[in-house]
Amino acid sequence: MRDVAVIGIGCTHFGEKWESSFRDLFIEAGAKALEDANLAGEQINAMYVGNMSAGRFIEQEHIGALIADYAGMATHHIPSTRVEAACSSGGLAFRQAVLSVASGYEDIVVAAGVEKMTDVEPGASTDALTGAADREWEGFMGATFPGLYAMIARDYMHRYSLTREQLAMVPVKNHYNGARNPIAQFQSEITLDTVLKSTMVADPLRLFDCSPITDGAAAVIVAPLERAREFTDTPVKVLATAQASDTISLHDRRDISTLDATVAAGKRAFGMAKLSHDDIQFVEVHDCFSIAEICAIEDLGFCRKGEAGRLTEDGQTAIGGKIPVNTSGGLKACGHPVGATGIKQVCEAVQQLRGEAGKRQIDGARYGMTHNVGGTGATVAVHIFGV
Ligand code: COA
């Protein structure tokens, strides 16, 4: 296996993008990544595109071909593959790109993600997202994603001593970070009161506990480490790529407030990178709902079960804390265009490791981690990066 590096990144602004079509978003992110890597389109050997539900959101399938065509690659006949794993589509697209370069089959590969979610009315987007759960046993019974994560939150709060205020500190921190990220959907800081007085969505989760509905795209370019300096002075090494799965429905889980797929993927990633938790200086986790960040910090092993609320309250997950979490603003403030999120997390990790994260920069960052979840934890991708 060859070592792999990220040589270029590009992200659109995340939000409600009335002025841009699905294909416009992808092209914008891809062009930025090519420019960042000093590459021309004809040097690309393959593309993997994360997308959850273009069929439901914009009534378009065959995304691999569409993207290759509108990227001007149709006449180069390169392989272009859509990767679908619900909200972890981007993380898995990245993993496929890394594996293809590591194996030696392909050399210069684009891993991208794109989703255009705001062109349908809210009921339709909620229903499309429910397709990431078990339609027969959960969706048809009326469960929605906020509802499923509310059950996780209730179970967690019943068993551990997480207070409602501690849970609200997660979005407060993520909005603070998002306000320092030019691509974030929400650019304003909020207070505890903003969260605690916001509209109830699925008890105990309120509006500001939820990630929003978002349009956006992100793209990165990977290459063999030995060739990376042909393109960039600041290659970022992919030290580990891990993926794990679990039951698709929440009720079949061993423990509904521990994501065993996160535990498994995290352990595999640490083993592969030969690093310990103390080496990791920041982590982008999948905070689709505030409770998801609490679970992720623990399931990845950054603290024991039941302790992430206290860690958050003590400021240890903020920039400057022991383990900064979601410097990008996370899914909550940066936004969550589901197929693109896993790639945006990689972009944030690369910016941090290059020292290009501006007002949200972690001083002297050398190692970072990304964690991308599909559904309520049926698919998880974890990556570790280093310079
Ligand atoms: N956080 C903060 N503000 C939000 C928000 C969020 N998650 N979602 C919407 N808003 C704001 C909007 O900006 C808008 O503000 P404005 O009136 O000042 O313009 C207002 O709330 C109403 O927006 P609207 O789009 O009508 O919200 P909604 O009620 O239709 O949707 C949710 C709110 C929480 C139901 C929706 O964002 C949602 O379904 N989120 C979860 C997405 C999800 O499940 N993703 C997959 C996870 S695995």
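Which residues line the second largest cavity? The tour comes back to that at its third stop. The model on screen is predicted.

**Stop 1: the ligand**

Now look at the nitrogen atoms of the ligand. A polar backbone atom of Cys210 is 2.7 Å from a ligand nitrogen. At Ser211, a polar backbone atom is 2.8 Å from a nitrogen atom of the ligand. Lys332 uses its side chain: a polar atom there lies 2.9 Å from a ligand nitrogen. The ligand taken alone exposes 920 Å², and the protein buries 60% of that.

**Stop 2: the largest pocket**

Keep the ligand selected and show the protein surface. The ligand sits in the largest pocket. This pocket holds about 590 Å³ of space. Its lining is made of 28 residues; Leu129, Cys210, Ser211, Pro212 and Ile213 are the ones nearest the centre. Two elements give two or more residues each to this lining: helix H5 (122-130) and helix H6 (145-159). Select H5 to see the element that gives the most, with 4 residues. Sorted by class, the pocket lining has 18 nonpolar, 7 polar and 3 charged residues.

**Stop 3**

Begin with the largest cavity, which has about 60 Å³ of space. To find this cavity, select Tyr149, Ile152, Leu259, Thr262, His286, Ala292, Cys295, Ala296, Asp299, His371 and Val373, which line it. H6, helix H11 (290-299) and strand E10 (367-374) each give two or more residues to the lining. H11 has the largest share, 4 residues. The lining of the largest cavity divides into 7 nonpolar, 3 polar and 1 charged residues.

Next comes the second largest cavity, with about 40 Å³ of space. Here is the reply to the opening question: the lining consists of Gly91, Phe94, Gly342, Gln345, Val346, Thr370, His371, Asn372, Ala381 and His383. Colour helix H4 (89-103), helix H14 (341-354), E10 and strand E11 (379-386) to see the elements that give two or more residues to this lining. In the second largest cavity the lining has 3 nonpolar residues, 7 polar ones and no charged ones.

Before moving on, select His371 by itself. His371 lines the largest cavity, and His371 also lines the second largest cavity.

**Stop 4: Asp252**

Where is Asp252 found? Select Asp252 and look in the loop between strand E8 (236-245) and helix H10 (260-273).

Asp252 and Ala228 are 24 residues apart in sequence, and their C-alpha atoms are 44 Å apart in space.

Technical notes
Residues are numbered from 1 along each chain as its sequence is written. This is a predicted model: local features need pLDDT of at least 70, side-chain atom pairs count only at pLDDT 80 or more; totals for chains, interfaces and linings use all residues. Side-chain values use heavy atoms; hydrogens and water are left out. A polar contact is a pair of N or O atoms within 3.5 Å; within protein, one must be able to donate a hydrogen and the other to accept it, and residues adjacent in sequence count only if both atoms are side-chain atoms. Accessible areas come from the Shrake-Rupley method with a 1.4 Å probe; for residues, only the protein chains shown count as cover. On a 1 Å grid over the protein atoms alone, a cavity is a set of points where a 1.4 Å probe fits but cannot get out, and a pocket is an open set with protein on both sides within 12 Å along at least five of seven lines; lining residues have an atom within 4 Å of a point. A molecule sits in a cavity or pocket if more than half of its atoms lie within 2 Å of its grid points. Grid points are joined across faces, edges and corners, and a volume is the space filled by probe spheres set on the points. Ala, Val, Leu, Ile, Met, Phe, Trp, Tyr, Cys and Pro count as nonpolar, Asp, Glu, Lys and Arg as charged, and the others, Gly among them, as polar.
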